[in-house]
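Let's go through how the chains of this assembly meet, one question at a time. Have the viewer open as you read.

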Amino acid sequence: MSDTKTITDTRGFGRKLADLDKTAVAPFLALAALFVLGALVNPNFLSIDNLLNVLTRSSFIAIIAIGATFVISAGGLDLSVGSMAALVAGIMILFLNSASIDGDVLMLAAGVAVAIGVGALAGLLNGAVITIGKIEPFIVTLGTMAIFRSVTVWLADGGSIAMKSIAMRNMFRPVYTGVFLGLPIPVWIIIAAGLLGAFILYKTSFGRHVIAVGSNEDVAKYSGIHVNRVRAMTYIIQGICVAIAVVVYVPRLGAATTTTGMLWELQAITAVVIGGTALRGGVGRIWGTICGAFMLEIVGNIMVLSNIVSEYLIGAVQGTIIIIAMLVQRTLQKKK
Amino acid sequence: MSDTKTITDTRGFGRKLADLDKTAVAPFLALAALFVLGALVNPNFLSIDNLLNVLTRSSFIAIIAIGATFVISAGGLDLSVGSMAALVAGIMILFLNSASIDGDVLMLAAGVAVAIGVGALAGLLNGAVITIGKIEPFIVTLGTMAIFRSVTVWLADGGSIAMKSIAMRNMFRPVYTGVFLGLPIPVWIIIAAGLLGAFILYKTSFGRHVIAVGSNEDVAKYSGIHVNRVRAMTYIIQGICVAIAVVVYVPRLGAATTTTGMLWELQAITAVVIGGTALRGGVGRIWGTICGAFMLEIVGNIMVLSNIVSEYLIGAVQGTIIIIAMLVQRTLQKKK
Amino acid sequence: QDKEVNIAVSIPAADHGWTGGVVYHAERAAKLLETAHPGLKITIKTSPDGASQANALEDLTTQGIDALVTLPHNSDELTDPLRQVKEKGVFVTVVDRALSDPTIQDLYVAGNNPELGRVAGEYLKNTLKTGDVVVIRGLPIVIDEERQKGFDDAIAGSGIKVLDKQFGNWSRDDAFKIMQDYLTKFPKIDAVWCQDDDMAVGVLEAISQAKRTDIKMVIGGAGMKDMIKRVADGDAMTPINVLYPPSMIATAMELTVANFYDQVPVRGKYILDATLVTKENAKEFYFPDSPF
Amino acid sequence: MSGNQTTRPATVPVLEARGIAKAFGPVEVLTDISLTIMPGEVHAIIGENGAGKSTLMKLLSGHLKPTRGTVAIDGEPVTFAGPVDAEHRGLVLVHQEILLAPDLTVAQNIFMGRELKRGLMVNDREMNRQSAEAVQSLGADIDPTTQISRLSIARRQLVQIARALQVPHRVVIFDEPTASLTPFETEALLKVIRDLRDKGVAILYISHRLPEVGAIADRITVLRDGKLVATREASQLQPVDMARLMVGRDMSKLYPEREDTASRQNVLEVANFNVPGYARDASFNLRKGEILGFAGLIGAGRTELLEGIVGLRTAHGEVKLNGKPVTFHTVRDSMAAGIVYLSEDRKGKGLLLSQDLRTNLTLATLEKFTRGPLIERRREDASLDKAVSDFDIRARRRDLLAGQLSGGNQQKLLLAKMMLLEPSIVIIDEPTRGIDIGTKEQIYKFIADLAKAGKSVIVISSEMQELIGICHRILVMRSARIVGEVTGDAMTEDEIVVYATGVKINEAELYSAGNA
Ligand SMILES: Nc1ncnc2c1ncn2[C@@H]1O[C@H](COP(=O)(O)OP(=O)(O)OP(=O)(O)O)[C@@H](O)[C@H]1O
Ligand SMILES: Nc1ncnc2c1ncn2[C@@H]1O[C@H](COP(=O)(O)OP(=O)(O)OP(=O)(O)O)[C@@H](O)[C@H]1O
Ligand SMILES: [Mg+2]
Ligand SMILES: [Mg+2]
């Protein structure tokens, strides 16, 4: 018996590697296909500047989608992230404008803390209503989506909330525009968030619990996992990710408007799914998600860089490309 | 032995009756709660005129949501219904404007046929890509949502598509405004669509298969059910329902614009879920869905009739009411 | 003066800067008018899209109103619902977007969309003479189409060449992205025309980030306070703006109220100019307290 | 026993395996199996957990495609397009695992894909009637309009059997149909099988209950490690011989020597315990070092009572642990107090079928494998190695998903998982359901060793023999109440059945006979 085991174990390892390759690598191959398409459409596409622009732009969705990977792996869904981003941005700017602390650096740090606090609270609200009320996440987060959006509009008096202090704005702007070791700061933030997310999801017991809850809630319960707590926690993580995205977003235009974060929820979920995480839960792929967010942004970029389609039809082409990318990915996954 | 059985059996039966009551009736009780709220907010709310207005208006979402009940019961999802409605409306009006058939009545009938054909085809497109491509419905229908919307924009040249012939418009208008036996025509159409939907879902083997596929795909497959065919069929039914909704919608506003049907997908899904159908599939409640659609429209109506909240905060109140309605429903369901 | 009058105002929900301004001005005007006329009651309702606006119109008329002031989402869609309002004997004031059947509206306060495009186009034609321009449109709706057409007509036959047009969805963020991509795509751009000031904010940010110096000017439209301030400050990138004030809703409300309380019957068509705002006259149009 | 081999006519085999083999990836789990099944015979397949029995059945019924070899029907080689194709040819398989749509009713499941119609409409009344009959012929009484999700595993198993028998069939394959049944239902099922055989239907029958196999089979085929060891006439094989062929060594005794390890000291005292809807006024004690059995018929409420005690269900009543009153709000509380509960539903509540062995093994005890926030993969792997050898988990590859293990090996993995909690009180619900005889011996020994080490064990089982074999004391439940206690020499099947049914044994026999 024991020798059978040794043999099969080594063989098993080779196979595992192959499996891993196919499912985890598929989104990256689809991304590569998009690169080829982009290069064909416009040679400027492959310029470092353009790619860095796109990568930087994808940071909001990427960071939010990292949070969504947690929520979705645990079998949940969060439609409120876009509105939540607007709300967190609005409150953060209002706080910064209040200038209640001396010293711009301190004030900024406090602003970031406020953002993260508000994000975590908003996430907790979602998580609590979903777990305690036992209501479908779809309905709860659709409701909070409306709530967060409207509170933002109300705070902005229908207009926009802009950072008043020019000095602070100038100090804050590099968080979006700055470059460190050749890479824009937002890219570093994606990398950091990705590493942290991957660490939590793959290496900690909490991450294991998330996957357990998403793959079979009963088993998780019978194994002594606090299902509700884990589930609520994923929404809090989502809220914190939204807040981090906001910290990258605000320095870009220095304002929150009523359109801030519009449709980000759909983009985030799409990034997660294109990245290989199943909507039914039980699987989570952080790096695939980031790759998915990047793909979405690239598709938009290619559309603007191309001259082929009428601006009216861009949506159609974009939709088609996403479906095809997903098809490519699925085909690659299946070929084991 | 035998007495044990009698005891447990009667328990089972009593329980079952209670179950049926609670789950099926819960949405209607939540609706009743909304009626009370409405009456408190504005005495005009309970006027027959107002209630009929609201009922009539809810017809688009109700009819679309009947289709969505099929899709969701089978474990699918369709985000494209709103855009599909815009596309079907656009094509239908363009066809009517072409005046290619003599006689307005014939022309209208042909227009309705065209609408249903286009709806069925659009549904087939969704169904085919989802089943043959084995891609998550979320992604596919998000893609076709963009595609249908964009094609509509392109057909409308960025503007809107309006019915040209005043005569035909006048002839068509009663489909929305007309009254038959004291009830507006759209209400009759909801009733007809509900009866037909309930018949198909509850009384035919196809309906049984829909639930089976949504409940456990493998089991359905082993039982010789053509899972893909059933699933695709639900999307076609959804397309036809969208077309019927369009036939009621077009006479009301006489035009399709680039924003027609915006966010209807979320409303339809919400109506389905509030009506007691689970998003994971395997359960379908046609009458609950219709009740859900009515509830959504009532919430909007109450908002317009009330003067309490700032316009900016209406979304927040609306979101809260929907979550509370769902909570009420869940609590009622659980009290067994 | 204590005549009882019920006026309903139906406008789009505050889903971007300009509509936010409309809601703001409507609420402000309502307060002022109600204090001026004790018998007057003004109900303001916002709707996110054409269909819900039709619903709101129904609901408002059921409650019994004397006049309706409305800025319709879409004139094609709302002509029939407004006709039904009119048939109930209500005084109808339409703002900004003319109905396909003009007999319905008692009063039409028109912002002039084609004019907004035309004024911007004329300015570019006259100052640049020749040059490459990129355009950022709003959403594919009628207003956008009209503005675009006005612009295209103005520059027709001149040396101004439009390199590209894309939809920015009235959103700063989307405009930022599109501008970044324009900058990648075109090595030389002389000017940018955005259909809305909200989007111009994003465009300016993208340009300043890319440190491109070839772009001579960004022309926005609608008269957002931040942009007016830039004009007033003499910012070279934003030499002008074209007015399209959300306060037109207030104008329409005032005129409608006047119809009931003043002796003169107010009827017909009031067309607001798409005024060209320059450094010289910018002060007149700068309202720091407005949210837009 | 069955004694009617004479009725088997010497014709062509209705179903035949010709040198078939099956590999999953590089691992071959079945090698060169040749087998004939004659009409009107009951052909039993026995073998250890993971020997390849279920895989062979899936090959014969079109659920899997062989890597080598062919399947023949009536002597003609066939290739199945899928299970449905096989069904059309009269081959039905009753799966080892429950394959039913949980949201549909009993009748809807039984007729799924083959609904009876009247005009356009489904004829629910007729389907309900026939379903009730079908289930009744299996000795059960289940309302055909009950949702599957509300049924116990055992009842689901019966529905699944009823469903298979509703298909027109020439060959019926039963993969461990009796694993979750009590003797009553088993007897009724065996009667049904005999009737089928007498009608000329060929039966393939898998079970780990060797006496049962001896009672029903005409021929027996033994598999070991994916190879066919022998095919014999049933009359030539006694259960001990079967066990020897399966395991490859002599199986002298199944149950360990009973030792009086139970002390006087009560570790768990339960009084007036209620689980609404399932258990009423339950009171009992568990002593240190004791093995306490819970017997009863399906639906008696044993599972629910103990789930209530450990905090898995809403319940109320007094529980004292080592003399101190305790309340367990969640399972985590009872786990922390040293009580673990192993669910009878290993697929639904025990293991994450879509995750690998390591993830499953450590799921309940992750905190033991973390340093700081980090899970130490190496310690987990070491623990898996230990579990694999301690519990003899036969996984041909370490990276298999739990769902790819054979049924018995899943049970062992679940056992290993919960034992990592190092409990002082272990509650095992149906510990040997679907376990081969060799492993059963190991599990019994394991339970006895626990008791010897001063732990206490509660065993819920529908196999009375095993309760009698290993327990110090047996409590019997009927309709939500504990109705009796048997100890010492009184621990006989007859005595337990009297309590479990509330009637004398001969009446019960009458009932089960009259029902079939
Ligand atoms: N899909 C699969 N992929 C890989 N290995 C598999 C798969 N299905 C089964 N196996 C392996 O095949 C072997 C035989 O499994 P099978 O289920 O046939 O055993 P069995 O004899 O029915 O056992 P039991 O008595 O426990 O039910 C086992 O080692 C199992 O792990
Ligand atoms: N008459 C009945 N009608 C419907 N459901 C029943 C009936 N009797 C029992 N059940 C269901 O069966 C389950 C309880 O039975 P279960 O067989 O698990 O109890 P048990 O005594 O633990 O059984 P087992 O002998 O399998 O351990 C519950 O889920 C209950 O809903
Ligand atoms: Mg098996
Ligand atoms: Mg049980």
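What follows is a short chat about chain contacts and cysteines.

Tutor: This is a predicted model, so local features need pLDDT of at least 70 and side-chain atom pairs count only at pLDDT 80 or more, while totals for chains, interfaces and linings use all residues. Residues are numbered from 1 along each chain as its sequence is written, chains are lettered from A and ligands numbered from 1 in the order in which they are written, and side-chain values use heavy atoms, with hydrogens and water left out.

Student: Which chains have the most contacts among the pairs that touch?

Tutor: Contact means heavy atoms within 4.5 Å. Chain C and chain D do not touch, with their nearest C-alpha atoms 37 Å apart. Among the five pairs of chains that touch, the most contacts belong to chains A and B.

Student: Which helix gives the largest share of the side of chain A that touches chain B?

Tutor: Here 42 residues of chain A meet 42 residues of chain B. There are 10 residue pairs in polar contact between these chains (N or O atoms within 3.5 Å; within protein, one must be able to donate a hydrogen and the other to accept it, and residues adjacent in sequence count only if both atoms are side-chain atoms). Helices are DSSP runs of H or I, at least four residues, numbered from the N terminus. With 13 residues, the largest share of that side of chain A comes from α6(A).

Student: How much area is buried between chain D and chain B?

Tutor: In this pair, 35 residues of chain D are in contact with 30 residues of chain B. Buried area is the accessible area (1.4 Å probe) that two parts lose on being put together, summed over both. Carbon and sulfur atoms give 54% of the total, which is about 2800 Å².

Student: What does D124(D) meet in a salt bridge?

Tutor: A salt bridge puts a side-chain nitrogen of Lys or Arg within 4 Å of a carboxyl oxygen of Asp or Glu. The rule finds two across the interface of chain D and chain B. In one of them, at 3.1 Å from N to O, the side chain of D124(D) meets that of R208(B).

Student: How far is C241(B) from the nearest cysteine sulfur?

Tutor: A disulfide needs two cysteine sulfur atoms within 2.5 Å, and the count over all chains is zero. C241(B) is in no disulfide; the nearest cysteine sulfur belongs to C291(B), at a distance of 18 Å.

Definitions and conventions:
Helix = DSSP H or I, 4+ residues; strand = E, 2+ residues; numbered from the N terminus.
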